[in-house]
Amino acid sequence: MKFTVSSSALLTLLSTTGKVISNKNTLPILDYFLLELKGNELTVTTSDLETTLVGHISVDNVEREGVIAAPAKLMLDSLKEFPEMPLEFDVNDTTWEIKVRWASGSLSIPGASAVSYPAMQTIGAERKEILLDVDMLIAGINKTIFATADDELRPVMNGVYFDFQPESLTFVATDAHKLVKFSAEQSNDFAASFILPKKPSNLLRNLLAKEEDAVEVTFDAKNVTFQLKNFKLVCRLIEGNY
C-alpha cells in the first residue's frame, strides 16, 4: 500500500482509536493498529477483544491498496515528532516494512501481517436499531458513569444500564452505595435494555463531544454498535439482570 496523508490528521485518528488498546493484552497483535486502505479511504481499527473502535480518514496519491498491522506505540511516538506536513507511506507487502517519507528525510517502522488480527464482533439477526440524539447520549452517560462500580463479583454494576421504553430512555448506574438515574423523552418502537461497560462508555462520550448528527445504535443480546460520522464503536455487553 502506498499513499500520502496529513501528519496531524493521522496522529489525531491514531490517538483516538489507540485509547482502546489495553496495557494487558493477551494477544501481541492487539498492540498494533490495523491499517486498511481502499480507494482513497484509510481505515484504522483497534481492539482489546471486548471493544473495537474503527475510524477512517481520506488520503491522497493512492498508488496501491492493502492492509497491514502497525505497532501502536512506535507509530504514535513517531508521529508526535512531526509538525503539520504531508507524509508518504510506502508498505512492503513482503517484509511488512513501513517506509515513511517527507520532504527532508525518511524513517522505517517494522509492521506485521494483519492475518491474525481478530475479526470484529457481529450483531445477530435478532437486532434492534434506533437513532439517538447526541446531546441526550452525552448527558445520560455523564450523569451516571461516575456511579459505576469495579466489582469482579457483580459485573452488572460495572457499566451503565440503558432501559428503552416506548416513550423514554433511562440511564442507570450504581455501585451498591449510590444509585443514579437519568431519564429522557425518547420514542421507541420496542422495549429493551442492555448494560454498556464502563470502558466503552468513556470512549463513547469522548467521541460524541465532536458529533452533531444523531447516532445510529444497533444491538442484540450480546453486542452493541454505535455508528458515528467518522467512527464505529462495537463492544460486548455485560450479560446479566440489572
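**Pockets, core and a loop contact in the predicted model**

About 280 Å³ of space lies in the second largest pocket. A pocket is an open set of points on a 1 Å grid over the protein atoms alone, with protein on both sides within 12 Å along at least five of seven lines; a 1.4 Å probe that fits but cannot get out marks a cavity instead, and lining residues have an atom within 4 Å of a point. Grid points are joined across faces, edges and corners, and a volume is the space filled by probe spheres set on the points. The model is predicted: local features need pLDDT of at least 70, side-chain atom pairs count only at pLDDT 80 or more, and totals for chains, interfaces and linings use all residues. Residues are numbered from 1 along each chain as its sequence is written, and side-chain values use heavy atoms, with hydrogens and water left out.

The second largest pocket is lined by 17 residues. Asn158, Pro197, Lys198, Lys199 and Ile238 lie nearest its centre. Helix H4 and strand S17 (231–236) each give two or more residues to this lining. The largest share, three residues, comes from H4. Helices (H or I, at least four residues) and strands (E, at least two) are DSSP runs, numbered from the N terminus. By class, the lining has seven nonpolar, two polar and eight charged residues. Here Ala, Val, Leu, Ile, Met, Phe, Trp, Tyr, Cys and Pro count as nonpolar, Asp, Glu, Lys and Arg as charged, and the others, Gly among them, as polar.

The largest pocket holds about 430 Å³ of space. Its lining comprises 20 residues, with Thr16, Leu207, Lys210, Asn230 and Phe231 nearest the centre. Two or more lining residues come from each of helix H1 (7–17), strand S4 (51–58) and helix H4 (198–208). Eight of the lining residues are nonpolar, six polar and six charged.

A search of the whole structure finds one cavity of 30 Å³ or more. Met75, Ser78, Leu79, Phe82, Phe89, Val100, Leu107 and Ile109 form its lining. Helix H2 (72–79) and strand S9 (105–110) each contribute two or more of these residues. H2 gives the largest share, three residues. Seven lining residues are nonpolar, one is polar and none is charged.

The largest nonpolar core has 64 residues. Such a core is a set of buried Ala, Val, Leu, Ile, Met, Phe, Trp, Tyr and Cys residues joined through side-chain atoms within 4.5 Å. Buried means under 20% relative accessible area (1.4 Å probe, protein chains only). Leu35 and Phe226 have the most contacts inside the core. H3 gives the most to this core, with five residues. Beyond four places in sequence, Leu35 touches residues including Met1, Leu14, Val44, Ile68 and Met75; contact means heavy atoms within 4.5 Å.

In helix H3 (residues 134–142), Val134, Met136, Leu137, Ile138, Gly140 and Ile141 are buried. They pack against H4 and several strands, among them S10 (128–132), S11 (159–165) and S15 (215–219). Asp133 caps the N-terminal end of H3, with a side-chain oxygen 3.1 Å from the backbone nitrogen of Asp135.

Asn25 sits in the loop between H1 and strand S2 (32–38). Leaving aside neighbours within four places in sequence, Asn25 is in contact with Leu30, Asp31 and Asp48. A polar atom of the Asn25 side chain lies 3.1 Å from the backbone oxygen of Ser22. The backbone oxygen of Leu30 lies 3.2 Å from a polar atom of that side chain.

How values were computed:
Buried means under 20% relative accessible area, exposed over 50%, partly exposed in between (1.4 Å probe, protein chains only). A polar contact is a pair of N or O atoms within 3.5 Å; within protein, one must be able to donate a hydrogen and the other to accept it, and residues adjacent in sequence count only if both atoms are side-chain atoms.
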